[in-house]
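Here is a protein model to go through by question and answer. Each label is set against its definition.

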Amino acid sequence: MSKEEQVQEEPEIIFIPDEEGNEEEFEVIMKFEVDGSDKKYMMVVPVDADEESDEVYAFRYEEDGDDLQLYTIDDEEEWNIVEETFNTLMDEFSEDEEEESSK
């Protein structure tokens, strides 16, 4: 195993309060910007979710220094754009993985 394979990138963990104010841990799996927009989005998964769980949450976010402001995506049109971008990025990621494994 090469040194690069041994060094795993540390997952980015954020804490999001639920309705009762309890902080839940989420791992950021992807951040991206939508073409033609200055809005930034992140996809997160619950850290303590089952392996079989495919819950993925999307938020629009803004960074202000070290502070991170998350916004839910309520607009259906905006959600469709985010979902389409996420799926495209995941497809590209899968293709890259397949190319790497076939080398």
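Q: Which residues does Arg60 touch, not counting those up to four places away in sequence?
A: Arg60 touches Lys39, Lys40, Tyr41, Gln69, Leu70, Tyr71, Ile73 and Glu78. Contact means heavy atoms within 4.5 Å. This is a predicted model, in which local features need pLDDT of at least 70, side-chain atom pairs count only at pLDDT 80 or more, and totals for chains, interfaces and linings use all residues. Residues are numbered from 1 along each chain as its sequence is written, and side-chain values use heavy atoms, with hydrogens and water left out.

Q: Why is Arg60 called buried?
A: Its relative accessibility is 18%. Buried means under 20% relative accessible area, exposed over 50%, and partly exposed in between (1.4 Å probe, protein chains only). At 18%, Arg60 therefore counts as buried.

Q: Where in the fold is Arg60 placed?
A: Arg60 is in strand S4, residues 57-64. Strands are DSSP runs of E with at least two residues; helices are runs of H or I with at least four; both are numbered from the N terminus.

Q: What makes Arg60 and Glu62 a salt bridge?
A: Their closest N and O atoms are 3.6 Å apart. A salt bridge is a side-chain nitrogen of Lys or Arg within 4 Å of a carboxyl oxygen of Asp or Glu. The pair therefore qualifies. Glu62 is partly exposed, at 40% relative accessibility.

Q: Which residues are linked with Arg60 in a network of salt bridges?
A: Glu62 and Glu78 are linked with Arg60 in this network. The structure holds four salt bridges.

Q: How do you know that Glu12 and Lys31 form a salt bridge?
A: The closest N and O atoms of this pair are 3.2 Å apart. That lies within the 4 Å limit, so the pair counts. Glu12 sits in strand S1 (residues 12-17) and Lys31 in strand S2, so the bridge ties together parts that are 19 residues apart in sequence.

Q: Are Glu12 and Lys31 buried, exposed or partly exposed?
A: Glu12 has a relative accessible area of 35%, so it is partly exposed. Lys31 has 33%, so it is partly exposed.

Q: What does Lys31 touch, not counting residues up to four places away in sequence?
A: Lys31 touches Glu12, Tyr41, Met42, Tyr61 and Glu63.

Q: What makes Lys40 and Glu63 a salt bridge?
A: The closest N and O atoms are 3.6 Å apart. The limit is 4 Å, so this pair is a salt bridge. Lys40 lies in strand S3 and Glu63 in strand S4, 23 residues apart, and the pair links distant parts of the chain. Lys40 is partly exposed at 27% relative accessibility. Glu63 is partly exposed at 47%.

Q: How do you know that S3 and S4 pair?
A: S3 and S4 share five bridges in the antiparallel sense. Two strands pair if DSSP finds at least two bridges between them. Five bridges therefore meet the requirement.

Q: In what order do the strands of the open sheet run?
A: The order is S1-S2-S3-S4-S5, with antiparallel pairing. The twist averages 45° from one strand to the next. For this angle, axes are lines fitted to C-alpha atoms (for helices over the stretch in contact), and angles run from 0 to 180 degrees between N-to-C directions.

Q: What pattern does the protein follow along the sequence?
A: The pattern is α-β-β-β-β-β-α. There are two helices and five strands.

Q: What makes the nine residues a nonpolar core?
A: The residues are Met30, Phe32, Val34, Tyr41, Met43, Ala58, Ile73, Val82 and Phe86, and this core is the largest. A nonpolar core is a set of buried Ala, Val, Leu, Ile, Met, Phe, Trp, Tyr and Cys residues joined through side-chain atoms within 4.5 Å. Strand S2 (23-33), strand S3 (40-46) and helix H2 (76-102) each supply at least two residues of this core.
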